[in-house]
Amino acid sequence: MVTRPVLEIFAADDFALRPVGEHESFGCLVLNGKPTPAEVGTAVMRIADRNGSEPEEEHGPFPTDPLGIFPHGLRTMPDLFATAGPRATDTTTTGTDFVEPGRCNGLGTWRDWLDVLDGTGCAHFGHDPSSTAERVGDTVRLTHDAHGTDGSPVTGLPAGQVRRRVADAQQDLQDFLGLAGARAEQHPPAHAAPVTAALARALDLASSP
């Protein structure tokens, strides 16, 4: 089983505030320490665009300049979200994505795995499909679609292995945040600190588990 944090991305149109890569819409970008500078730009653009806020009073005065509009949602939205999360793929037998980004999954859902291991013992990862993870003794059982047919793929992993995978996913996100912070110093540098802090919140890395 391979677990990687991924972000759903759209094709970038007319975005000139920082270099971005060319990607097809509804593709996924792995978030770790390996993306190119353009891919980092694509990810930050996607997160900023997903959290763009309207000029409402609770979000503060809406900027009029492009450099101000770009990070406004990141800086003012209380709960940041982008369609993303850890993708868990069975690479040994079925090739099934037991957990993948869904419409209800955000960047911070990697912490849901900690709840499986140390909390309620169960987590749900969006819908269409309705993937679930449940701890049963020393095993974590993954179901591809709990609301699907009786033949929906199911697999089990030792809890210790899942804990290592969660730690790896957290480190991947930390590595990505380091890349994004370094790029923010260049594009645009005036907003580097608040944008990096906002990304840490979006990735749910602002506090330790």
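Me: Which residues line the largest cavity?

Reply: In this predicted model, the lining is made up of Met1, Thr3, Ala88, Trp113, Leu142, Leu157, Val162, Arg165 and Val166. As for the general idea, a probe the size of a water molecule is rolled over the atoms, and that shows where empty space is left. Here the largest cavity comes out at about 60 Å³.

Me: How many cavities of 30 Å³ or more are there?

Reply: The count is one.

Me: And how do the lining residues of that largest cavity divide by class?

Reply: You get seven nonpolar, one polar and one charged.

Me: Which element gives the most to that lining?

Reply: Helix H4, residues 159-184, with three residues.

Me: OK, let's stay with H4. At what angle do H4 and H5 pack?

Reply: For a helix pair, start with the angle and the distance between axes. H4 and helix H5 (residues 192-202) pack at about 160 degrees, and their axes are 9 Å apart. An angle over 145 degrees counts as roughly antiparallel, so that is how H4 runs relative to H5. The crossing of H4 past H5 is right-handed.

Me: Which residues meet there?

Reply: From H4, it's Leu177, Ala180, Gly181 and Ala184; across from them, H5 brings Ala192, Thr196, Leu199 and Ala200. Sorted by class, the H4 contact with H5 has six nonpolar residues, two polar ones and no charged ones.

Me: Which residues of H1 and H4 meet?

Reply: Pro37, Val40, Ala43 and Val44 in H1 meet Phe176, Leu179, Ala180 and Arg183 in H4. By class, this H1 contact with H4 holds seven nonpolar, no polar and one charged. Notice Ala180 of H4: it meets H1 here, and Ala180 is also among the H4 residues in the contact with H5.

Definitions and conventions:
Residues are numbered from 1 along each chain as its sequence is written. This is a predicted model: local features need pLDDT of at least 70, side-chain atom pairs count only at pLDDT 80 or more; totals for chains, interfaces and linings use all residues. Side-chain values use heavy atoms; hydrogens and water are left out. On a 1 Å grid over the protein atoms alone, a cavity is a set of points where a 1.4 Å probe fits but cannot get out, and a pocket is an open set with protein on both sides within 12 Å along at least five of seven lines; lining residues have an atom within 4 Å of a point. Grid points are joined across faces, edges and corners, and a volume is the space filled by probe spheres set on the points. Helices (H or I, at least four residues) and strands (E, at least two) are DSSP runs, numbered from the N terminus. Ala, Val, Leu, Ile, Met, Phe, Trp, Tyr, Cys and Pro count as nonpolar, Asp, Glu, Lys and Arg as charged, and the others, Gly among them, as polar. Axes are lines fitted to C-alpha atoms, for helices over the stretch in contact, and angles run from 0 to 180 degrees between N-to-C directions. Angles under 35 degrees count as roughly parallel, over 145 as roughly antiparallel, 65 to 115 as roughly perpendicular and the rest as oblique. A crossing is left-handed if the near helix is turned anticlockwise from the far one by less than a right angle, and right-handed if clockwise. Contact means heavy atoms within 4.5 Å.
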